[in-house]
Amino acid sequence: MGSLHAEWLPRDQALPWEEAWQAALYGPEGFFTAGAGPAAHFRTAVHAAPGPLATAVARLARREGCTAVLDIGAGRGELLVALTTCPEAAGLGLHGVDVIPRPPELPGAVGWSTCIEATPPAAFAGALVVAWELLDDVPCPVLERDDDGVWRRVLVHPVSGIEDLGDPADEADLDWCRRWWPTDAAEEGDRIEIGRPREDLWGGLVLRAAASRRSSGTTGSSVLLAVDYRHERSGRPPAGSLAGYRLGRLVPPVPDGTTNITAHVALDAVAEAGARAGATSTRLTDQRTALTELGLGSPGGMGSPGDEPPSGEPHEFGGEEALRRLAGRSAVAELLDPGSLGSFGWLLQRV
Ligand SMILES: C[S@@+](CC[C@H](N)C(=O)[O-])C[C@H]1O[C@@H](n2cnc3c(N)ncnc32)[C@H](O)[C@@H]1O
């Protein structure tokens, strides 16, 4: 990750949004590099239901013929820890990547790297590469339309969060908009988050997966999965989706190092970047559909109505066991909820 060492959070100067965002999250004292970790501030699917999610990921890895799971943007390694106790994940290699040193709670068998560039090629070989809520935290340029109809880069003062309009957008940004973010009906004050940095990161992962496959001569598959808040070309949000999260609350996106800054992902554009980098197949769907296919919430599956105390056996399934099952059902229901986590986008690409 880049960082603005001596200049971390300059207070007297407005920066382009992507620079302020990068410093606030990944600078030396940034939200992700030095903070208490994602789980202290917001709830992802792995915090909501680690066990069922680990089962689904293990099933996906098996279905795709993968021999390992590589979790990029692994937080404190919560998904990997859940995979170590998941019977269906037995025998899968496990490796995590995030911008912090190896979390102490990680079992010894799990590998760890502190950046993508330092991740050993072997960790990619035959792996299901998972990027769960990673891309929405990749900083990107923000544009706003001024009163003359010109798209300009938005600048922001770190710490105060006060914004100014900067230079007109460059050709590369405008090209991206022409392809991915229609502006015909745009009005003064409308905003765009330029997705190119997310696409570059994803394309780089596809290239790494393909290269490690070639060099290791592995017979296993390489598959990449991105799961995130998303929007598509036919329905981009006119005001953009830049937002802040702190201590479980939605707050103004102030790049002050205490707040997570996030923006939804143009997952269709990410998919095209993956294809350009060499992905040979693409599937874009929603989390509810994907997890249901993997047996969560389906009849007889985990968290399903059948996963209840059978009538006539009240003693065996009473007390703690009944409570455990109830908790499991509500956790799976949260993962599948179409009004929340269930609507997340799933992008699955094979290499
Ligand atoms: C929203 S959290 C998600 C954590 C976890 N995947 C989950 O679902 O609970 C995003 C994580 O991605 C990490 N991250 C962002 N950019 C990264 C990069 N280039 N390399 C490694 N980790 C990154 C952040 O540090 C953060 O821990």
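In the predicted model, three strands form an open sheet in the order 13-12-14, and their pairing is antiparallel. Strand 13 (249-251) and strand 14 (260-262) lie at the edges of this sheet; each has a single partner strand, so one side of each is left without a neighbour in the sheet. From one strand to the next, the twist averages 35°. Strands of a sheet pair through backbone hydrogen bonds, in either a parallel or an antiparallel arrangement.

The pairing of strand 12 (residues 243-246) with strand 13 is antiparallel and comprises three bridges. Within this pairing, Y245 has L250 of strand 13 as its bridge partner.

The chain as a whole contains eleven helices and 17 strands. It consists of 351 residues, of which 45% count as buried. Among the contacts in the chain with a separation of 6 or more, 71% are accounted for by residues 24 or more positions apart.

Note on methods: Residues are numbered from 1 along each chain as its sequence is written. This is a predicted model: local features need pLDDT of at least 70, side-chain atom pairs count only at pLDDT 80 or more; totals for chains, interfaces and linings use all residues. Helices (H or I, at least four residues) and strands (E, at least two) are DSSP runs, numbered from the N terminus. A residue is buried if 20 or more other C-beta atoms lie within 10 Å of its own, exposed if 12 or fewer, and partly exposed in between; C-beta atoms are placed from the backbone. Two residues are in contact if their C-beta atoms, placed from the backbone, lie within 7 Å. Two strands pair if DSSP finds at least two bridges between them. Axes are lines fitted to C-alpha atoms, for helices over the stretch in contact, and angles run from 0 to 180 degrees between N-to-C directions.
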